[in-house]
Amino acid sequence: MTTHRRELSVALAIVLLAILLAFAAPGYFSGENLTDLFLANVPVLIVALGMTLVIVIGQIDISVGSIFAICGVGAGLLAKAGVPAPLAGLGACVVGAVLGALNGSLVAYVRIPSIVVTLASMVALRDALRWQTQGAWVQDLPSGFQWFGLSQASYPVMSLIVAVILSAGMAWGLRNLAAGRAVYATGSNEEGARLAGIRTPMVTFSVFGFLGALTGFAAALNAVRFNQIPTNAGLGLEMKVIAAVVVGGAAITGGRGTIAGTVLGVILLGAIGPALTFLGISAYWERAVQGGIILAAIVIDAVGTRANKFRRDEHGSNLAASRA
Amino acid sequence: MPAPLLEVKSISKSFAGVRALKNVSFELLEGEVHALIGENGAGKSTLIKVITGAIQPDLGTIEIRGRPVPHNDPGVSRLLGIAAIYQQPSLFPHLTVAENIALALESGGAWRKVKWKERNRRARELIERVGGSIHPEQLVATLSMPEQQIVEITKAIGADAKILIMDEPTASLTDREVDRLFKIIALLRGHGAGIIYISHRLEEISTIADRVTVLRDGEVVGTLRTDEVDKASLIGMMVGREISAVFPKREVALGETAIELREVGNRGAGLRDISFGVRSGEILGVAGLVGSGRTELAETLFGLTPGDSGDILVSGVPVRITSPAQAIELGIGYVPEDRRQHGVVLELPIAANTSLANLKIVSRHGLIDHDKEGRLALRYLQQLRIKAPSVYTETGALSGGNQQKVALARWLAIDPKILILDEPTQGVDVGSKSEIHSLMMDLAERGLAIIMISSELPEILGMSDRIAVMHQGKIAGVLSRQQATQQKILSLAVN
């Protein structure tokens, strides 16, 4: 965690992409396009911030898409029931936190692997929502709900401020709060952390709850952009988010990952799709290119880790032996 | 004279410009046990890897029975009858003993039919050959460490290995188990096998080995007959300087009773009626066979598996310890047995590892003060002579001995009153060992009460003021330093 090679290489990729676009498709940088791009990716970013923590502790949550849908619908229903928009947003966070905590408690205390827990909740929550709403979108939202009652022009600014504050706050917290240390320690060596007096189940539980709350928040931010709320929102969100976190350098095995990396990962993966369209490449290529980037990131990781391990082995003779 | 079983000639190997082996020659005869010793980082592992073909040397050759091996790799070396048994058995825990043995021996297509009866029969025969009594259909996960080792040895002899490499085979065995292992080794050499025996326990080497080769900084310091050499000169050769083989034990004025146990029991961990006290400045050694409840006792005191009966008093005050956080609050530190896995967090820098057990001491208003953390880590870096470029070096990049010191630094940083050390010098080279022992004396002088669990009787006898011997989850007896002898401890341990 001392070097920032990954962050730098992702940043470099973004810069190269920007240079290419500046020459080949300057229209990409129109205010309108950038605003659209930004607004579409704010929810991804916010969920990815929470997912970074989950991945750093060595877990995964693939139910965020379903939680996202439920929270969006929840916020809409609250608004329709007359709750002011900000409070409806808060309500979405609470719903998300509860659902996340449910995942977290199964992982942390019942000790079921997170991939299984969240696979189950992904399916169960999605279908519960479908059954409950019969697939009907939430419509006739009160006027104060859209844009949180802000003007359409000031909403992106507000979103930007929120995104920056959240990202910076989490980056700072991970570095400067004891809780941040506990997250990294739990992820890289759970038993070791436990023996150092860290309540690792509590860390796991809290991280899942926190991701849930952020997912709720992201859902609310997304819901206010439209005048109706789809019940199938967030389909595939989990993959976008996990991909961004992994591209940003977080190790899927836990212990490693930074907020800066995740932010850059979201930017790169979010920017590349529309960029293809601007460059005149068929939009059908979007997923393939994104997949290629993810694969590249993982391969670089694997190669880098192997080199590291090798270096480490040459130091400790016992370690080398026990691993051989 | 017949050609030696194995001859390694003038091997050199560098990693990223660092010479790991310099012109190393080594020879193993039929029926010989040849010990290989050296401090951590002396090049033992690299040499073993060259012999097993895991890495290729830059220079030099390997000959088996006088025939050069032009290109060695793990497959080739196995065909040539070379087998390595590591400190940590590398078995498949969810497969049975017979299957584990079969995997090493059977070859052939993926679609062949498995002959279960034959598998089990062969496993039983091989186990009997080494005098073991393990059921072939038992799952490996249910075996004890020494039993797993026997399975490893069985695998090797089943493959008709003539050259056996044993890396620290006795590190986690008790004396009785060591005796059994030595009997197996005697049996193997009787059949003409040659054994390369790596150990930090020098007293074993004169018992089991015919010759000993000492490595230091990647070079052979010398090869000697074990009947012509004593422990002190071996230590001298390993470290290149004279180190007192005696323990740095000093008289320390004892203070109040720091921790007292009254009939403490822990049904889940199998502990019953544990009563003893440790005064500040005192070192209580805890001896016993593996499985006698020593580590369980430590985990009970540290709140990992809280006790369910009896009383624990810290500084005379009754307490209930139900979590590590609580134990830390009470000033109890615990350096666990398996430091590499549990003692340090390899991905975190030294500084973060040092402060991990109690972030309060480096925090202000809940925020980590990075300067303060750095200074704290630097203090222990210097005090414990941890060899690292900086306190922000990732702990995983350090050598084993230095990682162990980082594990210790973490617990010294909480300023404990009671320190539990589980096998504090297991697998540590001689130089670090004596450093850790003098450090323990310094800590005792500062008034710490130390509970030291150890399987090494010389260490127990050399460092402890009193010795509690455990047997089947109970204290079989407590001996004073004056009373204690190896025989007395052993007879209590086996009852």
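Helices H3(B) and H5(B) cross in the right-handed sense; a crossing is called right-handed if the near helix is turned clockwise from the far one by less than a right angle, and left-handed if anticlockwise. Keep in mind that this is a predicted model, in which local features need pLDDT of at least 70, side-chain atom pairs count only at pLDDT 80 or more, and totals for chains, interfaces and linings use all residues. Residues are numbered from 1 along each chain as its sequence is written, while chains are lettered from A and ligands numbered from 1 in the order in which they are written.

H3 (residues 97-105) and H5 (residues 145-158) of chain B pack at about 35°, their axes 9 Å apart. Axes are lines fitted to C-alpha atoms, for helices over the stretch in contact, and angles run from 0 to 180 degrees between N-to-C directions. Helices (H or I, at least four residues) and strands (E, at least two) are DSSP runs, numbered from the N terminus. From H3(B), Val97(B), Asn100(B), Ile101(B), Ala104(B) and Leu105(B) meet Val151(B), Thr154(B), Lys155(B) and Gly158(B) of H5(B); contact means C-beta atoms, placed from the backbone, within 7 Å.

Now to the sheet. Six strands of chain B make an open, mixed sheet, ordered E16-E19-E20-E13-E21-E22; strands pair if DSSP finds at least two bridges between them. Strands E16 (332-335) and E22 (474-480) of chain B each have a single partner strand, so one side of each lacks a neighbour in the sheet. Strands E13 (residues 283-288) and E21 (residues 466-471) of chain B run parallel over five bridges, with Gly288(B) opposite Met470(B).

Terms used. Contact = placed C-beta atoms within 7 Å.
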